[in-house]
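Colleague: I would like to learn how to read a protein model. Could you take me through a few features, one at a time?

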Amino acid sequence: MPTVGELLSVLDKIAPPHLAYAEDPIGLQIGRESDVFEKAVVALDVSPAAIEFAVSIGAHVIVAHHPCIYRPLKNVAGDSFETQVVRAALKSDVAVIAAHTNWDAAEGGVNDTLASLLSLSGVVAFGNDVPAQELKLSVFVPAEGAQVLIDALADAGAGGIGLYRRCAF
């Protein structure tokens with residue numbers, strides 16, 4: 001029988017982790033890589049009902065699009081939705097894997113599928129894996145023309161560093 005770790009390896013090839021946004025909690029959220037399983041359930045969200053369904057068909061893994069634990073838990077006390085999900089998964093011995101923004105951006109993933117179903121054209125890739133060639137441009141211009149040049153360069157897409165735009169000195 002396959003292990004959860006082997007399933008993770010397959011998912012990582014389909015939707016590589018480097019495609020996910022930096023703070024997106026993807027991968028194994030509940031369970032152990034060494035756990036074996038015969039059946040898996042695919043879900044948009046992990047819920048107590050999804051875990052109950054998995055148990056009812058003898059599945060011990062849920063592969064979900066949305067992570068069930070998005071921020072670190074301080075405890076598993078109380079009755080919050082996250083706490084209910086974690087306790088139900090642990091009690092039922094169901095592993096939970098999340099493939100979120102990496103699945104969105106993967107070739108043939110969620111975004112490509114939606115674009116195809118909607119018959120969209122002119123679709124272009126975006127995100128962490130889009131190859132971009134960056135060049136440094138040095139020019140000298142009279143002081144009175146600096147803002148005009150900066151405006152034109154920014155309009156053409158120059159001057160971006162991370163989340164900053166119109167970078168110039």
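Predicted model: local features only at pLDDT ≥ 70, side-chain atom pairs only at ≥ 80, totals over all residues.

Modeller: Residues are numbered from 1 along each chain as its sequence is written, and side-chain values use heavy atoms, with hydrogens and water left out.

Colleague: What is a salt bridge, and how many are there by this rule?

Modeller: A salt bridge is a side-chain nitrogen of Lys or Arg within 4 Å of a carboxyl oxygen of Asp or Glu. By this rule there are 3 salt bridges.

Colleague: Which residue forms a salt bridge with D151?

Modeller: R166 does, with the closest N and O atoms 2.8 Å apart. D151 lies in helix α6 (residues 146-155) and R166 in the segment after α6, so the pair ties together parts that are 15 residues apart in sequence. Helices here are DSSP runs (H or I, at least four residues), strands are too (E, at least two), and both are numbered from the N terminus.

Colleague: Which residues form the nonpolar patch on the surface?

Modeller: Patches take residues with over 30% relative accessible area and no salt bridge; like charges are joined within 9 Å, nonpolar side chains (Val, Leu, Ile, Met, Phe, Trp, Tyr) within 5 Å. Here L114, L117, L118, L120 and V123 form one, with about 530 Å² of accessible area together. That area comes from the Shrake-Rupley method with a 1.4 Å probe; for residues, only the protein chains shown count as cover. L114 sits in helix α5 (residues 110-117) and is partly exposed, at 46%.

Colleague: What is V61 in contact with, leaving aside its neighbours within four places in sequence?

Modeller: Contact means heavy atoms within 4.5 Å. V61 touches several residues in this way, including V4, L7, F37 and I97. V61 belongs to strand β3 (residues 61-64) and is buried, with a relative accessible area of 0%.

How values were computed
Buried < 20%, exposed > 50% of the residue type's maximum accessible area, 1.4 Å probe, protein only.
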